[in-house]
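Open the model in your viewer and keep the selection tool ready.

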Amino acid sequence: MADYFYLVQMDVPAEFEDDFNRIYDTQHIPNILKAPGVHSCTRYRLESSDLAGVARYAAIYEIDSPGIPESDGWKSESEKGDWPTHIRPHTTNRSHHVFKRIP
């Protein structure tokens, strides 16, 4: 188990949802998992919240250190496939958080 996790949340318009999920699962995750210091990714879809405006989709990446999402390896892998051109431009309400495991 990694000491950090990186939480990414976002929305995508309904007309892009099928492509979003397909590309995220078949291209984006496999590419990001090639970046040094990235161990796993698990995706979630929001079912309920007590806070208005929470993004519908979340991905949790287990990472070695808080700087991994800003690393050259991460950035390089995130620019591969259809993600940067076909999906990323349509995502909204994005947020990014790094959490450290409490020993």
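Select Asp 19 and Arg 22 and show their side chains, which meet in a salt bridge with an N to O distance of 3.2 Å. The model is a predicted one, and the distances and percentages here are computed from it. Both residues lie in helix H1, three residues apart, or about one turn of the helix. Asp 19 has a relative accessible area of 36%, so it counts as partly exposed. Arg 22, at 42% relative accessibility, is partly exposed too.

**Next selection: Glu 17 and Arg 56**

The side chains of these two residues form a salt bridge, 2.4 Å from N to O. What does the pair tie together? Glu 17 is in helix H1 and Arg 56 is in the loop between E2 and E3, so the bridge joins parts that are 39 residues apart in sequence. Is Glu 17 buried or exposed? Its relative accessibility is 15%, and buried means under 20%, so Glu 17 counts as buried. Arg 56, at 37%, counts as partly exposed.

**Next selection: Glu 77 and Lys 80**

Here is another salt bridge between side chains, with 3.0 Å from N to O. Glu 77 is buried, with a relative accessible area of 10%, whereas Lys 80 is partly exposed at 34%. The structure holds seven salt bridges, and the tour has included the ones at Asp 19, Glu 17 and Glu 77. As a general point, side chains of opposite charge can pair when their charged atoms come close.

**Next selection: the sheet**

Switch to a cartoon view and colour the strands. In what order do the four strands lie? The order is E2-E3-E1-E4, in an open sheet with antiparallel pairing. Strand E2 (38-45) and strand E4 (92-100) are the edge strands, and each pairs on one side only. From one strand to the next, the twist averages 15°.

Now select strand E1, residues 4-11, together with E4: the two pair in the antiparallel sense over seven bridges. Within this pairing, find Asp 11, which stands opposite Thr 92 in E4.

Finally, select helix H1, residues 17-32, which packs on the sheet. The helix touches E1, E2 and strand E3 (57-63). Look along E2 and compare directions: that of helix H1 makes about 165° with that of E2. Helix H1 is also where the tour began, with Asp 19 and Arg 22.

Notes:
Residues numbered from 1 in each chain as written. Predicted model: local features only at pLDDT ≥ 70, side-chain atom pairs only at ≥ 80, totals over all residues. Heavy atoms only, no water. Pairing = 2+ DSSP bridges. Axes fitted to C-alpha atoms, helices over the stretch in contact; angles between N-to-C directions. Contact = heavy atoms within 4.5 Å. Salt bridge = Lys/Arg side-chain N within 4 Å of Asp/Glu carboxyl O. Buried < 20%, exposed > 50% of the residue type's maximum accessible area, 1.4 Å probe, protein only.
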